Amino acid sequence: MLYPIGIQNFESLRKRGCVYVDKTEKIHRLVSTGKYYLLIRPRRFGKSLLVSAIKSYMEGQKELFRGLALERLETQWAEHPILHLDFVGKWYNGRDSLTETLEYHLERWEEEYSVRGEGDHGTRFQRVIDAAYSATGRQVVILIDEYDKPMTDNLGNPGLLEHFRRQMQDFYDAMKAKDGCIRLAFFTGVARIGGQSVFSGLDSLRDISLDPEYSDICGISGSDIMEYFPEAVRELASAEGISIGECLARLKDKYDGYHFSKDSEGMYNPVSLLNTFANNRLDNYWFLTGSPDYLMEVMQRTSFDITKLTKEKVDAIQLGCIDTEHGNPTIPLLYQSGYLTIKGYDGELSLYHLGFPNREVKTGLLDAMFLYYIPVSCMSGMVLISKLARAAWGGRPGEMMKLLEGLFARANYPIEGDPEKDFQDAMYIIFELLGEYVNTEYQTGNGRIDILLQTEKYIYIIEMKADGSADEALGQTREKGYFQTFADDKRRVYRIGVNFSKESRRITGWKVEQPGHMA
């Protein structure tokens, strides 16, 4: 079986005989029922391949759809002129960088349709649409891939972001005056930028990003795996030395879990699943295709509380729009970038509950956070996590605290922020990476425990003070009676008091008490 890894061109995929999970029934529905669409999906989720398939369809390339749903659904196969604009592959870090991209595409279209290149970008775009319609006698199809990249590249630069937003708004507004010449306009991106939208002139734009009807238009579902990849699953199970049932369970745990509407089936990220089948090995693939550094910067700049990553509830407006002017953009950015997904829905309040989609994304993001908040070498960081895990599982809190004390003693902090918050964030990341149940600020009847770590046999109640003392922190656990919360728990409970110096950003003291076996 040939896997289309790195292939984003539909024609190339079909001619090479690569496996293709048929999305053409959804494509036919799009084209048949509307004109202007926006689809937001995480990176490497198949958006570019979807755009390419739409392009081949609207070019009338019937032979490429042989055996697919679209072959029986379409009867006319009319050839439309295509205006395809792709913003991928470039970093938009200067005021003229977007102008250069628009100029490149406009000049190419103007040459193709013999149009004079005069006026602003919007005016030139209108002339191209007119000329393409006149030359072919058919309405124009406009495909814009990763429309948001110039703006998401500048989430930390409000001035440049606004400059690009206005430039793109002027360009897209040109379409409204040429509505009669347009058959379809399809936009993809990883984020919808808030404030005054770049689409303000397109009154009939339909955002299908949270639409149940199109929740599976990109990605691979569990049922798709059984239909298209049964042999790949058998081969992977054999290579891993496990049963087919266990293999499916591991695939689901590691790669499944993306939801794009409140009741949708979970979707697998194609890049991870296809690489797994091609390599016959379960591994972390998605994070090899890009870095989340810009997310780390946004979190730090906006003072986002990372301990609430999987505790947030948001409405559809917050989920669908990154508003850098009127709110914290971190949660919608994490969702739209694929680091969080819909895990539940509160119908009474119309709120979405978010969480990590799967183990691959959770581990990858926490690893990235670890290196950002606690900048030590990757190797020493992972070795530390392994040693901490063994100490926590073995009921050795003193060993655990010595490891943490040593880590903060050698960590170099290039970021400037609230030292106390940075310390709590770092502790949260470390304990989350242990793979156990971790709560920060766990609510009890008498107050909030700073960090609660639970393993199969042990419970660790950790209270932290900044520029205080370990005795003071430990005293609070006694005064508040935090351990009483677990009076009926058969696991052994440890209380740990920790003091952290804001000036040195180090653990300067810690003490452990064991109130006894809670039986």
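Student: How many cavities of 30 Å³ or more does a search of the whole structure find?

Tutor: Some ground rules come before the count. This is a predicted model, in which local features need pLDDT of at least 70 and side-chain atom pairs count only at pLDDT 80 or more, while totals for chains, interfaces and linings use all residues. Residues are numbered from 1 along each chain as its sequence is written, and side-chain values use heavy atoms, with hydrogens and water left out. On a 1 Å grid over the protein atoms alone, a cavity is a set of points where a 1.4 Å probe fits but cannot get out; a pocket is an open set with protein on both sides within 12 Å along at least five of seven lines; lining residues have an atom within 4 Å of a point. Points are joined across faces, edges and corners, and a volume is the space filled by probe spheres set on them. The search finds one such cavity. The largest cavity has a volume of about 30 Å³, and its lining consists of Ile40, Arg41, Pro42, Phe260, Tyr335 and Gln336.

Student: What is the volume of the second largest pocket, and which residues are closest to its centre?

Tutor: The volume is about 450 Å³. Of its 20 lining residues, Phe356, Asn358, Arg359, Lys362 and Glu432 are the closest to the centre. Helix α16 gives the largest share of this lining, five residues. Helices (H or I, at least four residues) and strands (E, at least two) are DSSP runs, numbered from the N terminus.

Student: Is strand β3 enclosed or open?

Tutor: Buried means under 20% relative accessible area, exposed over 50%, and partly exposed in between (1.4 Å probe, protein chains only). Six of the six residues of β3 (residues 140-145) are buried, so the strand is largely enclosed by the rest of the structure. In a regular strand the side chains alternate between the two faces of the sheet. Here Val140, Ile142 and Ile144 are buried on one side, and Val141, Leu143 and Asp145 on the other.

Student: Which strands are joined to β3?

Tutor: Two strands pair if DSSP finds at least two bridges between them. Five bridges join β2 (residues 82-86) to β3, running parallel, and five join β3 to β4 (residues 182-189), also parallel. Aspartate 86 stands opposite aspartate 145, and leucine 143 has phenylalanine 186 in β4 as its bridge partner.

Student: Is alanine 132 buried or exposed, and what does it touch?

Tutor: Alanine 132, in helix α6 (residues 121-136), is buried, with a relative accessible area of 0%. Contact means heavy atoms within 4.5 Å. Not counting residues up to four places away in sequence, alanine 132 touches Pro81, Tyr113, Arg138 and Val140.
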